[in-house]
Amino acid sequence: MKKKIGFYIVWDIMFLLSLYVFYRGSVWIKDLAMKSFCLFDCVLPVLIILSMLIGAVFSVLIIVSNRFEMTKKIAVAEFLLVGLPAFYISSFLYISFLLMRLLHMQTMPILTPIWLVYDNTPIIIGSMLFAYELIIFITRLVRIKRQKLK
């Protein structure tokens, strides 16, 4: 169980690092494109490669977690360790505005690093990851319950 939890924590770190690399790479390539006026030749290939990096991180999660023997505890641990950070990434702007409104604040509270706000890509990817984790969590719980009934 500790090994599986360790994997999910390391995966979260890899996921955040890949989002940060995407941010740094997109800032760098957009600056280069502005200076050299090459939009399609410079920007698109780099953004495609950076997107593939994030896809590779997703595939590591899917491949390794499918090798685990799923129990209810492991399914819950994966959902908590992967799904909740993904939910936070996908909804931190809404949470910030909600807190600002509920607490009658004049400025938005800083709940996340600025590089996550630079582009909407982390929000989209976080939403996709949370949806995947929610669906896979429900599927695994149903499968576990069916196995117990047999």
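Ile29 sits in helix H1, which covers residues 2–36; helices here are DSSP runs of H or I with at least four residues, numbered from the N terminus. The model is a predicted one, in which local features need pLDDT of at least 70 and side-chain atom pairs count only at pLDDT 80 or more, while totals for chains, interfaces and linings use all residues. Residues are numbered from 1 along each chain as its sequence is written, and side-chain values use heavy atoms, with hydrogens and water left out.

With a relative accessibility of 2%, Ile29 is buried (under 20% relative accessible area, 1.4 Å probe, protein chains only). Beyond its neighbours within four places in sequence, Ile29 touches Cys42, Val43, Val46 and Leu47, contact being heavy atoms within 4.5 Å. Ser65 lies 36 residues from Ile29 along the chain, and their C-alpha atoms are 34 Å apart.

Turning to the helix pair, H2 (residues 43–67) packs against H4 (residues 121–149) at an angle of about 10°, with 12 Å between their axes. H2 is therefore roughly parallel to H4, a label for angles under 35 degrees. H2 contributes Ile54, Phe58, Leu61, Ile62, Ser65 and Asn66 to the contact, and H4 contributes Ile125, Leu129, Tyr132, Glu133 and Arg140.

Arg140 of H4 is also buried, at 5% relative accessible area. Apart from neighbours within four places in sequence, its contacts are Ser65, Asn66, Met70, Ala75 and Glu78. With Glu78, the Arg140 side chain forms a side-chain polar contact of 2.2 Å (a pair of N or O atoms within 3.5 Å, one able to donate a hydrogen and the other to accept it; residues adjacent in sequence count only if both atoms are side-chain atoms).

Methods. Axes fitted to C-alpha atoms, helices over the stretch in contact; angles between N-to-C directions. Helix = DSSP H or I, 4+ residues; strand = E, 2+ residues; numbered from the N terminus. Parallel < 35°, antiparallel > 145°, perpendicular 65-115°, else oblique. Buried < 20%, exposed > 50% of the residue type's maximum accessible area, 1.4 Å probe, protein only.
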